[in-house]
Amino acid sequence: YQVEAMTLADRIAVLDGGVLQQLDPPGQIYDRPANRFVAGFMGTPPMSFLSNLEDGVLVGVRPQNVRIGEGELEGEVCLVEPLGSETFVHLKVDQDQLVARVQDSPGLGEKVRFSLGETLRFEPSTGRRL
């Protein structure tokens, strides 16, 4: 029911196990999540998290901010989801999985180069956004 909350609400309360994680307008929840839980909860598909890009930091990126075919990072295509108007490609990057929204889909098992646009950083042990 995220879509309804994002389109109809003036403010959204995100709870985890009954504990309030963030109470803000929808745009703030999506763009500036308080922590990893909120970042991974809001959005379809959810934000991906990469643990080996920066020492001591968990890097979060939304599918629309991953650019396949350019950059110095590399991943292997492990799933392609053609959904009609858009396609999502899942990449295995070290032990992490990254989702990218693409126009032209690479093939399953193909190694591809990619770069990241806008990212968020999280503290690994607490999940708090830095």
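**Arg101 and Glu86.** I looked up this pair in the predicted model and found that the side chains of arginine 101 and glutamate 86 meet in a salt bridge at 4.0 Å, N to O. I use the term for a side-chain nitrogen of Lys or Arg within 4 Å of a carboxyl oxygen of Asp or Glu. Arginine 101 lies in strand E7 (residues 96-102) and glutamate 86 in the loop between E5 and strand E6 (87-93), so the pair ties together parts 15 residues apart in sequence. Strands (E, at least two residues) are DSSP runs, numbered from the N terminus. I find arginine 101 partly exposed, because its relative accessibility is 40%. Glutamate 86, at 28%, is partly exposed too. My classes are buried under 20% relative accessible area, exposed over 50%, and partly exposed in between (1.4 Å probe, protein chains only).

**Ground rules.** I number residues from 1 along each chain as its sequence is written. The model is predicted, so I note that local features need pLDDT of at least 70, side-chain atom pairs count only at pLDDT 80 or more, totals for chains, interfaces and linings use all residues, and side-chain values use heavy atoms, without hydrogens and water.

**Other salt bridges.** How many salt bridges does the structure hold? I get four. One of them joins glutamate 54 and arginine 121 at 2.6 Å, N to O. Glutamate 54 sits in strand E3 (residues 48-54) and arginine 121 in strand E9, so this pair ties parts 67 residues apart in sequence. Glutamate 54 is partly exposed at 29%. Arginine 121 is partly exposed at 32%.

I also checked lysine 111, which forms a salt bridge with glutamate 76; the closest N and O atoms are 3.9 Å apart. Lysine 111 is in strand E8 (residues 111-116) and glutamate 76 in strand E5 (residues 66-82), so parts 35 residues apart in sequence are tied together. Lysine 111 counts as exposed at 55%. Glutamate 76 counts as partly exposed at 34%.

**Arg129.** Which side chain of opposite charge is nearest to arginine 129? I find aspartate 24, 7.4 Å away. Arginine 129 is buried and has no salt bridge. I counted Lys and Arg as positive, Asp and Glu as negative, and left out His and the chain ends. Arginine 129 lies in the segment after strand E9 (120-122). Its side chain reaches the backbone oxygen of proline 33 at 2.6 Å. I list the residues that arginine 129 touches (heavy atoms within 4.5 Å), leaving out those up to four places away in sequence: Arg32, Pro33, Ala34, Asn35, Leu120, Arg121 and Phe122.

How values were computed
Helix = DSSP H or I, 4+ residues; strand = E, 2+ residues; numbered from the N terminus. Polar contact = N/O pair within 3.5 Å; in protein donor to acceptor, adjacent residues only side chain to side chain.
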